[in-house]
Amino acid sequence: MSGRSTCVTGSSQPLVDRSAAPPTTGSTLGRITTEDPYAPGGRPGHAGPGVEPLSPMRRALASTWLRVLLSAAMLGLLLWQLPDVSLNDLVPTWTAATPAWIALALGLQGAALSIQAVRWQRVLALFDQRLPMRHLLSMTWAGQFVSNVLPTAFGGDVVRIARSAPELDSVGTAFASITLERLTGWVVLPVISLVALAVHPSLLSAGTPTALALAIDVGTLIALASLLIAAGHSSVGRVATARVVADENPSGWRGLLFGVYRGVRAARTYPSRAATVIAAGAAFQLVLCAAVWAEGQIVGIEGLTLLAVLALFPPVAIAQNLPIGLGGLGVREGALVILLGALGTPDAQAIALGLVHYLATVAVSALGAPAFAAGYRPTKPGRADPETPLPE
């Protein structure tokens with residue numbers, strides 16, 4: 001098929017000409033280019049003729065340092081506001097069971113990251129695209145390494161989009177798949193928390209912690225529902241896709257609307273596939289919550305049951321995704337201090353749990369270094385197996 005389709009559906013018709021210029025964005029997905037910005041010998045700061053090549057990288061590094069300073073400031077402010085907490089209090093007590101809990105926490109985190117690749121696969125199936133699971137795993141682990149280990153503001157989503165775009169029907173599909181895959185967390189997390197709170201009614205009388213958890217859960221669902229309704233409207237869809245159809249790749253808020261609009265249209269076409277996306281998203285978040293529970297055992301938090309984690313950690317996960325600080329540092333620990341107050345958890349242990357979770361995430365993400373260093377060479381452009389129908 002030649003040319004470019006102006007119709008936005010869940011089918012495999014391209015929305016973006018493969019010959020179009022690489023897209024850029026200032027959104028949370030970072031700066032996107034079809035040339036892997038982290039490939040050996042690549043040019044992560046290349047911005048085209050007439051532009052200082054390293055200026056984007058300098059801006060990224062400046063942003064990274066700003067986020068580091070913000071995280072340090074928030075952690076310092078948190079400790080200053082809690083004078084009874086000392087640095088020694090943040091170090092968990094080592095027991096005979098600690099190595100087993102560490103192994104379990106790291107194993108669960110690794111399993112969660114692999115399930116993330118499955119979630120991405122299901123989103124691609126929603127768009128009638130297919131990539132081998134080994135490729136998705138490689139790109140996912142490489143992306144996690146970039147996001148959580150390297151001191152960069154580009155983020156692993158850039159790596160995933162850059163490496164997957166050559167094997168998909170368009171850069172727009174790669175962008176939309178990552179956007180929708182990330183949004184599934186915002187769908188699943190508040191639902192998990194609300195269900196767990198309903199099953200654990202004693203937490204509902206905890207006062208401020210429960211009120212904050214409910215406010216985050218309900219507020220997230222309202223914001224998400226508003227976004228889905230708006231992005232699914234035909235007039236908004238025309239705005240979201242206008243620049244894409246005109247040979248401009250997704251970027252900024254238009255890119256977000258573009259990704260959600262494609263997802264909504266595809267979900268209407270393939271509701272059973274959309275259900276598998278939600279199921280994979282739920283599995284990812286449940287395994288991650290289990291990892292947090294194991295990390296709580298490392299810290300030695302009494303009364304921290306798996307059900308309590310399911311009720312209280314999803315609001316923390318939502319808050320830590322705000323573009324403040326580095327890796328959620330500071331935001332996550334402050335939210336845990338408040339929310340774990342529902343269990344009577346000491347402030348020092350709540351902060352320690354946030355730090356242990358961060359360190360475990362970095363340690364597991366470091367395993368993606370080989371996938372990142374090896375780079376990625378697409379096997380062929382477009383859908384990997386166009387003759388094989390995707391299951392409903």
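1. Gly368 sits in the loop that runs between α12 and α13 (369–374). The model is a predicted one. Gly368 has a relative accessibility of 0%, so this residue counts as buried; the cut-off for buried is under 20%.

2. What does Gly368 touch, leaving aside residues up to four places away in sequence? The contacts are Trp141, Ala142 and Phe145. For Phe145, the C-alpha atom is separated from that of Gly368 by 5.1 Å, although the two residues are 223 residues apart along the chain.

3. The largest nonpolar core is made up of 39 residues. Within this core, Phe313, Leu340, Ile351 and Leu353 have the most contacts. At least two core residues each are supplied by α5 (171–199), α6 (208–232), α9 (271–299), α10 (306–320), α11 (331–339) and α12 (347–365). Helix α10 gives the largest share, with eight residues.

4. Leu340 deserves a look in the viewer. Once residues up to four places away in sequence are set aside, Leu340 touches Ile301, Leu304, Leu312, Thr345, Ala350 and Leu353. Of these, Leu353 is also listed with Leu340 among the residues with the most contacts inside the largest core.

5. Another core, of 14 residues, lies apart from the largest one. Its members include Trp120, Leu168, Phe175 and Ile178.

6. On the surface, Leu66, Leu70, Leu322 and Ile324 make up a nonpolar patch. Together these four side chains' residues have about 320 Å² of accessible area. Leu66 belongs to helix α1 (residues 55–81).

Conventions: Residues numbered from 1 in each chain as written. Predicted model: local features only at pLDDT ≥ 70, side-chain atom pairs only at ≥ 80, totals over all residues. Heavy atoms only, no water. Patch = residues over 30% accessible without salt bridge, like charges linked within 9 Å, V, L, I, M, F, W, Y side chains within 5 Å. Areas by Shrake-Rupley, 256 points an atom, 1.4 Å probe, with all protein chains shown as cover. Helix = DSSP H or I, 4+ residues; strand = E, 2+ residues; numbered from the N terminus. Core = buried A, V, L, I, M, F, W, Y, C linked by side-chain atoms within 4.5 Å. Buried < 20%, exposed > 50% of the residue type's maximum accessible area, 1.4 Å probe, protein only. Contact = heavy atoms within 4.5 Å.
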